Amino acid sequence: EPDLRNAADSEASTSRLRGRHLAAGVFAALAVGVLVVVGIGRLAGFAHLRDAVSGADYRWLAVCAAGQTAVFAGYSGALRNAIAVGDGARVPVTTSIRLVLASFAATQVFAFGGVAGLALVYWALRRVGMQREQAAVRLIGLATAVYLMFGLLACSAAALSLFDTSTPLAMKLSWLIAFPIVLLLARWFTTPSRMSRWVGGDGGWFRRALGTGISAAAWVRGLTTNDRGQVLLGWAALYWVGDIASLWAALHAFGVRPALAPLALVYATGYLAQSLPIPFIATGGVDAATTFLLHVIGIPLDVALAGVIAHRLFAFWLPVIPGSIFAVTLPRLGVALERST
């Protein structure tokens with residue numbers, strides 16, 4: 001945590017995302033993506049893949065575009081409300097979208113478990129006037145709120161798919177058991193009596209980091225009783241719904257009509273591959289995992305691969321272009337953020 005703060009709090013540090021670095025990252029991501037397509041394409045049969053592509057109804061790709069618009073609108077809305085909670089700064093919509101796209105590019109191209117994107121958002125929180133501790137809590141709290149909605153969606157999909165024989169029982173039980181345990185632990189740690197033991201006071205880096213995490217969890221818990229907090233959670237839900245809608249439409253383009261609950265469950269499980277802290281693997285990992293998981297629930301491998309490629313065109317390759325531009329023009333974005341205070 002101290003390293004993240006120091007890196008993000010330095011204007012010079014964040015502005016080092018030069019064009020050549022991003023270009024190298026995009027090229028590496030492209031290479032990984034090609035390897036995934038070639039590797040899975042060989043298993044599926046390139047002739048079958050060609051037939052799937054040639055027979056596609058590309059009108060469905062408009063829904064993919066709409067879904068990804070909802071994704072970035074959702075995260076932008078969640079971010080703006082996270083900043084504004086408690087009489088914070090009112091960041092303009094256009095500024096927040098620029099920040100979200102820049103954070104997306106940093107996260108996807110430089111991966112490392114999302115640290116680059118988190119550092120950029122922390123830098124932005126500091127630019128709107130938050131102190132170090134407040135910015136750290138708000139950053140982790142925002143991520144926690146977004147993934148709370150992710151977990152609720154995945155757990156609901158697992159429950160709705162419980163009697164669906166196409167989805168593996170282990171996949172469903174994993175979500176139905178693990179996520180409620182996480183919620184119970186969060187509730188246990190955020191009770192006032194236990195928080196007082198960890199939050200504030202002196203201690204080593206582990207105690208401070210744990211205290212920040214617990215404070216962030218308590219902040220998210222408070223969102224459920226706060227009007228702006230409930231709006232934040234609604235925007236976070238839109239983020240995930242938009243991405244699932246994009247994948248759903250991409251599969252429809254290639255003639256597959258998957259049920260929503262199993263599809264959402266597969267999406268959530270495949271998405272976890274993106275959190276692996278390995279450089280340049282964010283796009284390749286989630287592409288491969290989602291393709292094979294779609295095949296597990298009965299979708300032909302060639303069609304699953306074609307659908308995932310179409311989905312990721314809108315979910316990764318198109319937004320990474322403006323995101324990279326915003327990431328290398330951070331000083332301008334910093335000025336816009338400071339003006340919103």
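Which helix does Ala186 lie in? Ala186 lies in helix H9, and we will come back to this residue below.

## About the model

This is a predicted model, in which local features need pLDDT of at least 70 and side-chain atom pairs count only at pLDDT 80 or more, while totals for chains, interfaces and linings use all residues. Residues are numbered from 1 along each chain as its sequence is written, and side-chain values use heavy atoms, with hydrogens and water left out.

The average pLDDT (the predictor's confidence in each residue, from 0 to 100) is 84 for the protein, and 85% of the residues score at least 70. Please take care with residues 1-16, where pLDDT stays under 50. Where pLDDT is low, the predicted coordinates should not be read in detail. For residues 1-16 the model has 31 contacts beyond four places in sequence, a contact being heavy atoms within 4.5 Å.

## Overall build

The protein has 16 helices and zero strands. Both are DSSP runs numbered from the N terminus: helices are H or I with at least four residues, and strands are E with at least two. Of the 341 residues, 50% are buried. Here buried means under 20% relative accessible area, exposed means over 50%, and partly exposed lies in between (1.4 Å probe, protein chains only).

Now look at contacts between residues at least 6 apart in sequence: 76% of them join residues at least 24 apart. The structure holds zero disulfides, a disulfide being a pair of cysteine sulfur atoms within 2.5 Å. If you are thinking about cysteines, Cys64 is buried, because its relative accessible area is 0%. Cys155 also counts as buried, at 14% relative accessibility.

## The second largest pocket

The second largest pocket holds about 630 Å³ of space. On a 1 Å grid over the protein atoms alone, a pocket is an open set of points where a 1.4 Å probe fits, with protein on both sides within 12 Å along at least five of seven lines; lining residues have an atom within 4 Å of a point. Grid points are joined across faces, edges and corners, and the volume is the space filled by probe spheres set on the points.

The lining has 23 residues, and Thr144, Val182, Leu183, Ala186 and Ala217 lie nearest the pocket centre. Helices H8 (132-160), H9 (169-189) and H11 (205-223) each supply at least two lining residues, with the largest share, eight residues, coming from H9. By type, the lining divides into 16 nonpolar, five polar and two charged residues. Ala, Val, Leu, Ile, Met, Phe, Trp, Tyr, Cys and Pro count as nonpolar, Asp, Glu, Lys and Arg as charged, and the others, Gly among them, as polar.

Ala186 and Ala218 are 32 residues apart in sequence, yet 8.2 Å apart in space, C-alpha to C-alpha.

Ile214 sits in helix H11 and counts as buried, at 5% relative accessibility. Not counting residues up to four places away in sequence, Ile214 touches Phe189, Thr190, Met195, Trp198 and Val199. From Ile214 to Met195 the C-alpha distance is 7.1 Å, across 19 residues of sequence. Ser161 is found in the loop between H8 and H9 and is buried, with a relative accessible area of 1%. Beyond its neighbours within four places in sequence, Ser161 is in contact with Thr167, Lys172, Ala261, Pro262 and Leu265.
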